[in-house]
Amino acid sequence: MVNNLVEVRDLVVDRGGRRVLHGLGLTIEQGSVTGLLGPSGCGKSTLMRALVGVQQLVSGSVSIDGLEAGSKPLRSRIGYSTQAASVYDDLTVRENLIFFARVLGAPGDAVDEAITTVDLASHADQVVGRLSGGQRSRSNLAVALLNRPDLLVLDEPTVGLDPVLRRDLWALFHRLADAGAAVFVSSHVMDEADRCDRLLLMREGRIIADDTPQRIREKTRTDDIESAFLALVDEDAGDEGSAA
Amino acid sequence: MTPRILFAVTTRVLTQLRRDRRTAAMLLVLPCVLITLLWWMFQDLPGDLFGRFGPALLAMFPFIVMFLVTSVTTLRERSSGTLERLLAMPMDKLDFLGGYAVAFGLVAAVQAALAVALSVGLLGLNVAGPVWLLGLVAVADAVLGTALGLLVSAFARTEFQAVQFMPLFVIPQILLCGLFVPRDQMPDVLHAISNVLPLSYATDAMQTLVSSTATSDVWRDLGVVAAFGLAALALGAATLRRRTP
């Protein structure tokens, strides 16, 4: 049975005087990895901010497990990692994680577990500011894993990472999903599409496709998601043309 | 408010400070150096000028330093995304503000202890009232500086702008606090303005402590400083929004 953990309805969001999300609707299931793919600037991060409850909405609703996004009981059940690393550069990886674990009230072994999971054990006592970009973004991801969340909202977690590590992280996302979490991952790199159980393609604040990667390719009669994306955009333009 | 989370913030801020040796030194050593400079400058002049200016300086340092440090650190929290992350977690706004206030309050207590010990012990500042109360006024002052720093950080976009708030919020208070001209000898308008500036009360408290053993006025002034601090914290809390545009 499919269980929708997240339900977004008619979501409208403005940022900086511009409409970013235009009445968007979607669901995210428990136990699967849902990918959010679209070009940079299409509203992915805004949608993710709305899911964790830090985005002001114009209208519409975001509910998670029947509760309004951002409401108090939800805040310890969600793991969120932003695109730019939101960690303290002047603290070590371990100090950062210990701090966030205290805020979350995560169990004592969560810190070591998260460090191992993102493969930073050998750098755990280094100051984050002196790590490489990839290591910083892994420490950023580790924070999101601390409280073994029911919903993981990860904004471009694999950007700039070594392919081996990227593969390992996607394997991790699937393990977390198998354990019952809903994993929601964004990327602007289309070749990550096939690693998702389900794919949401996004463009200019709208969801233009929502299905498994395979079915999206079949429906658009294309071989890869990039071509499928283009086909969908062309089709969309055609519809608008005929409607006008 | 959750004490566990509040103290997590305090511990973290203090760890960051410990790591940043230069800032830590500025916070603790610099006030002592400046007080010594003041004392030295007045050395060959007749009268107890150090006794007149010293107490005001003891009131001023914690306020200025904490204002600067807090406005820059909180601004960094806002711009680096750590604040957004914390507000998506089970963190109450008061945990965040309180954590900062406690951390910088502790630093201020150490700072005040050093500055007061130096002034009274080595430089011969005569304090008629209880010396520990001098320290308490300094801590209240620091918390006030922290609270104002938190508040103005909401109105700055860059660290550069945050620093620019100092001339606006701090220097008028220094000019009007009674250090240069006793407040009751100022033009009426300026006297009235000085009455609504918190640093005036902190300076009054310090000067009373130095000159008399009666502490009731000191407690009243301390109460006023604390009230300003709490009001600024409350306003600061209002500027921290969980949901931002």
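Predicted model: local features only at pLDDT ≥ 70, side-chain atom pairs only at ≥ 80, totals over all residues.
For charges, I count Lys and Arg as positive and Asp and Glu as negative, leaving out His and the chain ends. Each charge sits at NZ of Lys, CZ of Arg, CG of Asp or CD of Glu. On that basis, the 17 positive and 14 negative charges of chain B have mean positions 15 Å apart.

Residues are numbered from 1 along each chain as its sequence is written, chains are lettered from A and ligands numbered from 1 in the order written, and side-chain values use heavy atoms, without hydrogens or water.

Looked up the fold of chain B: 11 helices and 0 strands (DSSP runs, H or I of at least four residues for helices, E of at least two for strands).

Checked the size next. Chain B has a radius of gyration of 18 Å (over C-alpha atoms; the globule rule is 2.2 Å times the number of residues to the power 0.38), which agrees with the value near 18 Å for a compact globule of 245 residues. Its C-alpha atoms fill a box of roughly 60 × 40 × 35 Å along the principal axes.

Then the partner. I find 34 residues of chain A in contact with 27 of chain B (heavy atoms within 4.5 Å). The area buried between the two chains is about 2,800 Å², with 54% from carbon and sulfur atoms (accessible area lost on being put together, 1.4 Å probe, summed over both). On the chain A side, Arg75(A), Tyr88(A) and Val103(A) lose the most area to chain B, together 23% of what that side buries.
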